[in-house]
Amino acid sequence: MEKPNKILSDKINLKISEINEEGSLGLLAYGDIAFVAWREKKKQSNNHAR
Amino acid sequence: MKKNKLLLIGWDAADWKIIGPLLAKGQMPALKYIIDNGVYGNMGTMNPPFSPMLWTSVATGKTPDKHGVLGFIEVLENGVGVRPVTAKSRKARALWNIFHHEGLKSNLIGWWPSFPAEPINGVVVTDKFQKVSLDPKKQKPMASGTIHPKHMEQVLKELRMFAFEVTGEHILPFIPDALQIDQEKDKSLTVLAKVLSENVSIHNAATRLLRTTDWDFTAVYYDLIDHLCHSFMKFHPPMLNRVNAKQYEFYKEVVNGAYRFQDMMLERKLELIDRDTTVIVMSDHGYESGNKRLLELPKLQAAAAMDHRQFGIFAAMGPNIKKREKVYGLGLIDIAPTVLHHFGLPVGGDMDGKVALEVFENPGEIKYIESWEKIEGDFGELPRNHEQDLLNDEETLEQLVALGYIEKADEKSENAVRKTRCDLKHNLARVFLGKKDYDRAKHILLELIDVKAPIDTSSYYLDLVNVCLETNAFDEAQHYFDILKDHNSSVQYTLFFQEAAILLGKEKPLKALKVLEGAQAQNRYGNPELWYRIGALKQKLLMYDEALGAYEKAIAIEPDKAKYHAALAENFLELKQYEDAAESALTSIELVRYYPRAHYVLGKALEKLGNLQHAKIAFETAARLTPKTFHRAEKAVENIENKLCGAPQPQDKNSSKFWKDQIVVVSGLPRSGTSLMMQMLHSGGIEALTDNSRQADRSNPKGYLEYGPVMSLHKDNSWLHQAKHKSVKIVAPLLRYLDVQYRYKIIFMNRDLTEIVKSQQKMIGKDPENLPVKLFDAYTKQLQKVETWKENEPGVELIYINYTDVLNKTEQTIDKIANFVGQNLDMEAMAKCVDKTLYRNKA
């Protein structure tokens, strides 16, 4: 299927390595994969802070 | 890879009015992609527009009286408390149950209501899944029944987002100045975080299941738009006068943001499906975004739904879906039959919806079965509750308490149960009202008005008044209206529409007009519905120029209401401005394609403009669009066919065609020679419908040939079938109550008005030389009304016969009459009836 134009293409073209703790709406719109990666990032960041 | 899959996406409360500008700005590209590659249109809702009822109708194709979900809450099985509505209230099979039986796999995510999960072939993530506490320390374990199958619980529950996880990055696109909000005083950010996180939870589950499961049908429901509209629509541009300017600046982008985020989530789902999957995006109702937005809600059950609009959205694309077409006349009740048809499955004959064939490239043949409910087998259902109707189970409850099986509920929860039962019954009554099943609606409402305090019965009385108005029981409507007016209610109802309708029903149009104009004078912002009703009344009073002004005011405030344009078109017809009439009718049709009234008035305008071929199409469309027979439109089509055949069209609205089952009516003002005409027709071979209830007397020595039931024609016209092939005398003011299903040839007796009034004065023993001016004026108006009425009734042909011509040019007149009725008459016998000696009251 031809894909529609993206309104937040930079955010929706997800790169797991670039996810930061704050996240973004684009990340949330991407769904489960991004969400899980975001949580993991936060967890790692929290562990690191300790 | 499965073929022919279907993804159904529900956006509660989505409305084209908000979407339109966003599409134009390129801010909803995913939805635009569907529209550009598929079909789109309005989605008609149902009454009452309460979401759990509506989404269950989407899933079952049935109205709430059949599917059983009647509101937002339900009474517990043990009758001692209430809870948010669950799938247990549903008593009809949903799409996913049917698919289970047919070996298809479904995913269901967030559907309202879907808890507790039904054991279907596929995965169910219920509407309880995303509901978590705002407080991170108060999280409860996920309730049993939240997810089916159980082994999916662990993996899916990790996908729930919590409100406390929402960050500034998530909030700022909705509220750029969020940091300046005093969160101690204003809890709006908490609302946003809650709604956002819940919808992300649903979306996470949906994307996971779309990616990782094998499925035929997936349905996902989001309440993001609806819930954010309830909190933030009052701040949506344009700014309402009564809104705090600072708050407006904070929150003016939230509603747009909700739509844009919803579109972003749609985009992701489109990435996860293949080219062979059909997608439907729909809403259950729209949401008021104009001047009628409510800033404060009255204390009524489900008051939030008062902001819901009649039309939601529908957009679809897929291999067998038409491309770039607007579709018309869809209702949410049509979704289930249409989805069944997509899968090649039969539609239940007991479903209220229809297959929307017009959305399909190759529509195929619809298959039917009597009812899916009657099919035996495994439908993946919860055990059905076969106990008696909980809504009427107070006795059992009391008995159970007395026997000690359950504890007596405390006062508060007992009241909650009573209130819920009443609300659900009231909703059921409103469903029947919506289905025009007035008997059943009234039966329930009459039960409800007997409910004891603390339940406020005002809203039941209000609907009772509405039922009485719909059934023309105006005295009864007045009775309940009077009770309602004196009722001690916490809710301030606006009753001027009902008051005016009662007055109008009682033939007091001027008083009705005064009520409406009084209400309009008190309305600072202008109420379009009030202007519309004022226009309708003025039109009825033949004040066409003033009616025009009123309709134009209604349209200026609310330009997209089809009925306002249709009414304007009708008024233009009366003003003989036929081109304007056609244009307004077309505007109305553009707004609501399936609007019989607008097609009918378009037909009339085109007929007047001489465009008979297109007029015929318009009338035929009008006739086709109504579920019941549209007698006027059918007769208008016959008339045009008659004209196109070249039948002569004399100046009066009549032809010489003999219509099958026609009724010959003799009419006129009292003492205009109607009895003489009845005698002539009777002698000439058209039997008079008479019960000889009024004997001959000095005023009418040859008899009146009247029929008793005519006197109450305005209350009951069901006897008219007895008049087929006969003649019947009906006085002029009652003509408008004739049943439009029949064809009428009306012989209207004209006599000098002064002669008529003199004759009447003499008949009632008054001085014939003393002419009452008021009566004279009233008769003049009456004759004017008959002229307007006959022009608007395609089933009516009318010829004026002068009383003096009957006496002085008898043969010529009889010839004219015979030609008009289109049948052979014994003219000699007719002529013998004329006795010039009875002509006593000359002007």
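A helix here is a DSSP run of H or I with at least four residues, numbered from the N terminus, and its expected span is 1.5 Å times one less than its number of residues. By that rule, helix H21 (residues 544-557) of chain B, with 14 residues, reaches 20 Å from its first C-alpha to its last, close to the 20 Å expected at 1.5 Å a residue. The model is predicted, with local features needing pLDDT of at least 70 and side-chain atom pairs counting only at pLDDT 80 or more, while totals for chains, interfaces and linings use all residues. Residues are numbered from 1 along each chain as its sequence is written, and side-chain values use heavy atoms, leaving out hydrogens and water.

**Helix H21(B)**
- The buried residues (under 20% relative accessible area, 1.4 Å probe, protein chains only) of H21(B) are Tyr544(B), Ala547(B), Leu548(B), Ala550(B), Tyr551(B), Ala554(B) and Ile555(B).
- Because these residues fall within an arc of 165° seen down the axis of H21(B), they line one face of the helix, the arc being that of the directions from the helix axis to the C-beta atoms.
- On the face turned away from the buried side, H21(B) carries Asp545(B) and Ala556(B), which are exposed (over 50% relative accessible area).

**Glu590(B)**
- Glu590(B), placed in helix H23 (residues 578-591) of chain B, is exposed, with a relative accessible area of 51%.

Terms used: Chains lettered and ligands numbered in written order. Helix = DSSP H or I, 4+ residues; strand = E, 2+ residues; numbered from the N terminus.
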